[in-house]
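Q: Here is a model I'd like to go through with you. Pick a single part, take a close look at it, and walk me through how it sits in the rest of the chain.

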Amino acid sequence: MPKAPATAAPPAEPASYEAALEELEQLVGRIESGQMPLEQMLAGYQRGAALLAFCRKRLDAVQDQIKVLDEGGLHAWTPE
């Protein structure tokens with residue numbers, strides 16, 4: 001009887017925008033190489049989508065802070 005696949009814990013959230021971008025670039029390189037098995041490629045695509053969402057969220061937060069500064073108000077920015 002085949003074993004059920006082990007469930008792995010979801011990958012941790014990146015420590016920073018730069019860390020997420022670096023991981024995403026490495027992941028894209030591995031996927032584009034064509035050397036990954038299909039299941040790993042799918043998992044890589046899902047991780048890449050999560051990293052992309054993380055980067056977009058950080059960029060949106062910074063853009064919002066820049067708008068506040070441009071409008072003449074200075075407020076402390078705290079990442080979510």
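A: Of the 80 residues in the protein chain, 16% count as buried. Keep in mind that this is a predicted model, so everything below is read off predicted coordinates. The secondary structure comes to two helices and zero strands. The part I'd zoom in on is Arg47, which lies in helix 2, residues 38-70.

Let's start with the helix that carries Arg47. Helix 2 has 33 residues, and at 1.5 Å a residue these should span 48 Å; the C-alpha atoms at its ends are 47 Å apart, which agrees. After helix 2 comes Gly72, with a positive phi near 95 degrees.

Now for what is tucked away along helix 2. The buried residues there are Gly44, Arg47, Gly48, Leu51, Phe54, Cys55, Ala61 and Gln65. As a general point, an α-helix has 3.6 residues a turn, so residues three or four places apart point the same way. As for the partner, the buried residues of helix 2 pack against helix 1.

Back to Arg47 itself. With a relative accessible area of 16%, Arg47 falls under the 20% cut-off, so Arg47 counts as buried. Setting aside residues up to four places away in sequence, Arg47 touches Pro11, Ala12, Pro14, Glu23 and Leu27.

Glu23 is the one to look at in that list. The side chains of Arg47 and Glu23 are joined by a polar contact of 2.8 Å. The pair also meets in a salt bridge, again at 2.8 Å from N to O. That bridge ties together distant parts of the chain, with Glu23 in helix 1 (residues 17-33) and Arg47 in helix 2, 24 residues apart. The salt bridge count comes to one. How covered are the two ends? Glu23 has 29% relative accessibility and counts as partly exposed, while Arg47, at 16%, is buried.

For the wider chain, look at contacts with a separation of 6 or more: residues 24 or more positions apart account for 57% of them.

The largest nonpolar core has five residues, namely Ala20, Leu24, Leu51, Phe54 and Cys55. Helix 1 and helix 2 each supply at least two residues of this core, and the largest share, three residues, comes from helix 2. In soluble globular proteins, nonpolar side chains tend to be buried together.

Glu25 has 53% relative accessibility and counts as exposed, whereas Gly48 is listed among the buried residues of helix 2.

The protein chain exposes about 6,700 Å², with carbon and sulfur atoms supplying 59% of it. So, for your close-up, centre the view on Arg47, buried at 16%, and bring in Glu23 across the salt bridge.

How values were computed: Residues numbered from 1 in each chain as written. Predicted model: local features only at pLDDT ≥ 70, side-chain atom pairs only at ≥ 80, totals over all residues. Heavy atoms only, no water. Helix = DSSP H or I, 4+ residues; strand = E, 2+ residues; numbered from the N terminus. Buried < 20%, exposed > 50% of the residue type's maximum accessible area, 1.4 Å probe, protein only. Polar contact = N/O pair within 3.5 Å; in protein donor to acceptor, adjacent residues only side chain to side chain. Contact = heavy atoms within 4.5 Å. Salt bridge = Lys/Arg side-chain N within 4 Å of Asp/Glu carboxyl O. Expected span 1.5 Å × (residues − 1). Areas by Shrake-Rupley, 256 points an atom, 1.4 Å probe, with all protein chains shown as cover. Core = buried A, V, L, I, M, F, W, Y, C linked by side-chain atoms within 4.5 Å.
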